[in-house]
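Visitor: I have a structure open and would like to go through it with someone. Could you take my questions as they come?

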Amino acid sequence: MTAAREHFGSRIGFILAAAGSAVGIGNLVGFPVGAAKNGGGAFLFIYALFVLLICLPVMMAELAIGRRFQKDPLGAYSSSAGGGLWSIAGWLSVITPYMIAVFYSVITVWIFGYLVGALMGNLDQLADPSYFGQFINSNEVFIHLIVVVGLVYFILVSGVKDGIEKGAKILMPGLFIMLIGLVIFVLTLDGAMAGVKYYIVPDFSKINASVINGALSQAFFSLSLGMGILITYGSYMERRENVVGSAKFVALTDTMVAFSAGLMILPAIFSFDPATDTDALSDSSVSLIFSFLPKIFLAMQVSIGYVGASIVAILFFTLVFFAALTSLVSITEVPTASLVDEKGYSRKKALSILGVSMGVFTIACILSFGRVDFLTQFMEYAGANKSLFDVIYDIFYDTILPLNGLLACLFVIYRWKKHNFNEELEQGSEDYRGSFVEKYINFALSTFIPVVLLLIFVNTVATKYF
Ligand code: PHE
């Protein structure tokens with residue numbers, strides 16, 4: 001008999017941990033640029049609608065599955081067994097986070113490297129256009145990798161309450177304070193308002209089918225849906241906790257952080273380069289963080305000096321690093337929980353196994369940027385050579401999440417059944433029964449949400465790989 005399952009110690013602890021998972025590079029960089037390029041206020045409006053109408057019900061479904069079965073996703077899906085489909089869903093919710101953790105580690109390691117660079121006073125070097133290419137293939141990266149893996153291990157090995165919850169309670173308030181500080185600072189810069197205007201003023205002419213698809217995918221992964229995380233975190237929730245209310249709070253926090261990040265990034269860009277050709281802003285968060293923003297920070301030395309500019313860069317990279325670390329913790333917890341629940345391993349043993357095996361994959365990804373040919377040209381599709389890193393990103397981050405979300409919806413409605421799902425949500429939330437929210441969630445999960453998720457999945461497969 002294993003020890004009693006550990007639970008989050010408080011509602012706020014759960015909320016901060018789930019928000020820590022949700023708030024990541026996607027919010028801080030991906031969202032602002034996506035919004036600015038795709039219609040500003042118009043994109044925000046569509047994004048908010050998706051969060052409310054589609055993502056929130058899926059989020060509640062995942063949390064409810066976890067809390068009901070008190071197990072990792074693999075165990076939850078198979079404990080009400082009955083057919084291969086559900087064990088496929090279970091396996092997908094373990095393999096997906098495992099692989100995402102691998103590629104997300106690579107980016108977190110880079111962020112850490114840039115943070116160290118800024119701390120050492122090397123902002124001018126970071127801003128050099130050729131630096132990123134050299135940096136990712138330098139041996140320094142391996143040292144940073146050890147630090148990042150060590151931090152994740154250290155946080156997770158202490159368990160749910162003393163590790164994940166405590167980590168989130170320290171990192172998340174720090175993140176909020178830095179974000180608010182940077183937003184206020186950036187808004188006081190000359191010419192900042194042009195950026196705010198570019199970010200917010202709605203331009204409905206930019207909205208088309210692919211923007212809509214993009215907004216939904218962005219909302220989906222920004223809330224950490226389809227990765228098994230919320231099932232796992234749900235399994236650490238007490239019965240008396242309010243799943244419905246907590247989910248709303250997490251979604252709101254995530255969206256507000258994403259929105260605020262736009263008030264930090266776009267005014268900074270416009271203020272230092274009013275002639276910014278916004279169409280040339282990269283869609284990729286990676287090139288924005290590592291190539292574009294360091295240049296902007298360096299340009300700030302004109303008004304606040306080199307040290308001032310370095311401080312801004314340090315704050316920014318610390319902010320992104322905290323966000324990435326809490327996301328990495330949450331995603332690594334999923335396979336950890338599976339090894340603990342399914343194999344009966346101790347957390348230490350599970351984390352050691354994962355640390356080593358994921359470490360090997362991560363190193364393979366790090367070597368796939370030109371150092372090892374076979375990894376650099378790992379596969380070829382859609383007319384391009386893809387590195388191992390690209391392939392993992394394309395499959396596990398960009399394609400499979402809506403499918404996992406779809407399986408979660410189908411599981412709740414057809415396997416677990418609506419009345420059981422509703423009973424679970426009523427626990428801890430007395431006003432749920434008979435409410436509008438209940439009616440809406442039940443309707444949406446059994447009708448249009450699965451259809452929309454299926455369409456997105458098929459559309460992504462068709463456009464990405466053929
Ligand atoms: N929600 C995160 C983001 O917006 C994505 C993520 C979550 C990535 C968990 C990895 C692990 O960036």
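This is a predicted model: local features need pLDDT of at least 70, side-chain atom pairs count only at pLDDT 80 or more; totals for chains, interfaces and linings use all residues.

Visitor: OK, the ligand. Which residues come nearest to it?
Guide: Gly24, Gly26, Ser222, Ser327 and Ile331 come nearest, out of 14 residues around the ligand. A residue is near a molecule if its C-beta atom, placed from the backbone, lies within 6 Å of it.

Visitor: And which elements give two or more residues to that shell?
Guide: Helices H1 (11-22), H2 (25-37), H5 (84-119), H11 (209-222) and H15 (301-343) do. Helices are DSSP runs (H or I, at least four residues), strands likewise (E, at least two), numbered from the N terminus.

Visitor: How many of the shell residues are nonpolar, polar or charged?
Guide: The shell has 6 nonpolar residues, 8 polar and no charged. Ala, Val, Leu, Ile, Met, Phe, Trp, Tyr, Cys and Pro count as nonpolar, Asp, Glu, Lys and Arg as charged, and the others, Gly among them, as polar.

Visitor: Switching to packing. What describes two packed helices?
Guide: The angle between their axes and the distance between the axes. Axes are lines fitted to C-alpha atoms, for helices over the stretch in contact, and angles run from 0 to 180 degrees between N-to-C directions.

Visitor: At what angle do H15 and H16 cross?
Guide: The axes of H15 and H16 (residues 347-366) cross at roughly 125° and come within 9 Å. H15 and H16 are therefore oblique to each other. Angles under 35 degrees count as roughly parallel, over 145 as roughly antiparallel, 65 to 115 as roughly perpendicular and the rest as oblique.

Visitor: Which residues make that contact?
Guide: From H15 there are Thr332, Pro335, Thr336, Leu339 and Val340, and from H16 there are Arg347, Ala350, Leu351, Ile353 and Leu354. Two residues are in contact if their C-beta atoms, placed from the backbone, lie within 7 Å. By class, the contact of H15 with H16 has 7 nonpolar, 2 polar and 1 charged residues.

Visitor: What about H8 and H16, how far apart are their axes?
Guide: The axes of H8 (residues 140-157) and H16 are 11 Å apart, and the angle is about 155°. H8 and H16 are therefore roughly antiparallel to each other. Among the residues in contact are Val141, Leu145 and Val149 of H8, with Arg347, Lys348 and Leu351 of H16. The contact of H8 with H16 divides into 8 nonpolar, 3 polar and 2 charged residues.

Visitor: Single residues now. Is alanine 337 buried or exposed?
Guide: Alanine 337 is buried, with 29 other C-beta atoms within 10 Å. A residue is buried if 20 or more other C-beta atoms lie within 10 Å of its own, exposed if 12 or fewer, and partly exposed in between, with C-beta atoms placed from the backbone. Alanine 337 sits in H15.

Visitor: What does alanine 337 touch?
Guide: Asp72 and Thr232, not counting residues up to four places away in sequence. Alanine 337 and threonine 232 are 105 residues apart along the chain, yet their C-alpha atoms are separated by 7.3 Å.

Visitor: And where is isoleucine 229?
Guide: Isoleucine 229 is in helix H12 (residues 229-234). With 30 C-beta neighbours inside 10 Å, isoleucine 229 counts as buried. Leaving aside neighbours within four places in sequence, isoleucine 229 is in contact with Ser21, Pro97, Ser224, Ser330, Ile331 and Val334. One of these, Ile331, also comes among the nearest residues around the ligand.

Visitor: Last topic: what is the phi of alanine 382?
Guide: Phi of alanine 382 is near 50°, a positive value in a residue other than glycine. Alanine 382 lies in the loop between strand S1 (379-381) and strand S2 (384-386). With 10 C-beta neighbours inside 10 Å, alanine 382 counts as exposed.

Visitor: And what is the phi of lysine 417?
Guide: Phi of lysine 417 is near 80°, a positive value in a residue other than glycine. Lysine 417 is in helix H19 (residues 400-426). Lysine 417 is exposed, with 12 other C-beta atoms within 10 Å.

Conventions. Residues are numbered from 1 along each chain as its sequence is written.
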